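Please keep the sequence and the model in view while reading.

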Amino acid sequence: MPRAVVADDNEAYRALFAETLRCAGLEVATADDGLAALDLLEREQSDLVLLDVKMPRLDGVETCRRIKANPQTRLVPVVLITGNSDLESRVQCLEAGADDFFGKPVHPRELFARIWALLRFKSCVDELERCESVILTLARTIEAKDPYTRGHCERLSESASRLGARLGLPEEDILALRRAGVLHDIGKVAIPDSILLKRGPLTPEERKVMEQHTVAGEQICSSLKSFARVLPIIRHHHEKYDGSGYPDGLKGEKIPLTARVFQLADVYDALTTERSYKRELSPEEALAVMASEVERGWWDSRVYAELARMISESDGLY
């Protein structure tokens, strides 16, 4: 049963809205102001929030703004009820992030129809989030197979997104870098364990198989539109600036900037953690190795320089 929160300081309106939603098949919790509504949302998951604009302590507009600013509740549909139907009031509601708004008095049939439209949309969003959750869980399961890479995803999510922010990338790309930290190697699910977990160097044939994990990862995530900005990172994080990388041999700035940012964070993490075939390097040793690789033409020198500054300023990275 969908759950809703109704907040209105007028007891008669609060009871009317709550009863209308209950008749529509929703389970309803009520509050008499915005702060009480936020408290209900913090304690229990909800599928819809109905807020009066004028309330004591915290009005509906500011309550809506806080709901939409919270990553835990930003996708919950919020409907604002206002006694003013002028343009300024409507704009104020929309700017706060409201998904819909009504002017009083509200006709129950219209409220019923528009509420269910929002609930259908919320159901689609929930299904998308479940799909994302399954894929993210799969990616973490793959990482957990190898004791040498445990924690690698979290470290990469943090370091790549920090580096992207320092380079001035837009918020959407920073989120993509954070997601790529978990998803970049998800294609390894298609690689046989005999190759994936092999101790020692791979044969040329085995290496060709391993290199296909970037293509497989892109294919796995391609059905979710919310991962659109992550796909180029998954596919191209093993390209090299001189064109000697894989899977497409992209060269220079043909490699997406997010992939160039991510690959340097990935290389640094690999160098500074112990693996089955190598010891852990210090930050200084790792940067020296990467500097020599920049000179060979493997990495974007501008991105490397910013990574080096970030590491120097924070005395390491983690």
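At 19% relative accessibility, Glu206 counts as buried; buried means under 20% relative accessible area, exposed means over 50%, and partly exposed lies in between, with a 1.4 Å probe and protein chains only. The model is a predicted one, in which local features need pLDDT of at least 70 and side-chain atom pairs count only at pLDDT 80 or more, whereas totals for chains, interfaces and linings use all residues. Residues are numbered from 1 along each chain as its sequence is written, and side-chain values use heavy atoms, with hydrogens and water left out.

Glu206 belongs to helix 9, residues 204-211. Helices (H or I, at least four residues) and strands (E, at least two) are DSSP runs, numbered from the N terminus. What does the side chain of Glu206 make a polar contact with? The partner is the side chain of Lys198, at 2.7 Å. A polar contact is a pair of N or O atoms within 3.5 Å; within protein, one must be able to donate a hydrogen and the other to accept it, and residues adjacent in sequence count only if both atoms are side-chain atoms. When neighbours within four places in sequence are left aside, Glu206 is in contact (heavy atoms within 4.5 Å) with Ile195, Lys198 and Pro201.

Five strands form an open sheet in the order 2-1-3-4-5, with parallel pairing; two strands pair if DSSP finds at least two bridges between them. Its edge strands are strand 2 (27-31) and strand 5 (100-103), each of which pairs on one side only. On average, neighbouring strands of this sheet are turned by 20° against each other, direction ignored. Axes for such angles are lines fitted to C-alpha atoms, for helices over the stretch in contact, and the angles run from 0 to 180 degrees between N-to-C directions.

Strand 3 (residues 48-52) pairs in the parallel sense with strand 1 (residues 3-7) over 4 bridges. Within this pairing, Ala4 stands opposite Leu48, and Ala7 stands opposite Leu51. Strand 3 is also joined by 4 bridges to strand 4 (residues 78-82), and these two run parallel; Ile81 in strand 4 is the bridge partner of Asp52. In a regular strand the side chains alternate between the two faces of the sheet. Which residues of strand 3 lie on each side? Leu48, Leu50 and Asp52 are on one side and Val49 and Leu51 on the other, and all are buried, so both faces of the strand are covered.

Arg57 is found in the loop between strand 3 and helix 3 (60-69). Although Arg57 is not a glycine, its phi is positive, at about 65°. Arg57 is exposed, with a relative accessible area of 63%. Pro247 is placed in the loop between helix 11 (231-236) and helix 12 (257-271). Most residues other than glycine have a negative phi, and most peptide bonds are trans.

Helix 12 is mostly covered, with 14 of its 15 residues buried. At 1.5 Å a residue, its 15 residues should span 21 Å, and its end C-alpha atoms are 22 Å apart, which agrees; the expected span is 1.5 Å times one less than the number of residues. In the loop between helix 12 and helix 13 (283-295) is Thr273, which is buried at a relative accessible area of 13%. The side chain of Thr273 reaches the backbone oxygen of Asp269 at 2.8 Å. Thr273 and Leu257 are 16 residues apart in sequence and 25 Å apart in space, C-alpha to C-alpha.

How many aromatic pairs does a search of the whole structure find? The search finds 2. The rings of Tyr13 and Phe17 have their centres 5.8 Å apart and their planes at 25°, so this pair is stacked. Rings of Phe, Tyr and Trp (its six-membered ring) pair if their centres lie within 6.5 Å; planes under 30 degrees apart count as stacked, over 60 as edge-to-face and the rest as tilted. Tyr13 and Phe17 are 4 residues apart in helix 1 (residues 11-23), a separation of about one helical turn. Tyr13 is partly exposed at 27% relative accessibility, whereas Phe17 is buried at 3%. The rings of Trp298 and Trp299 have their centres 6.0 Å apart and their planes at 80°, so the pair is edge-to-face. Both Trp298 and Trp299 are buried.
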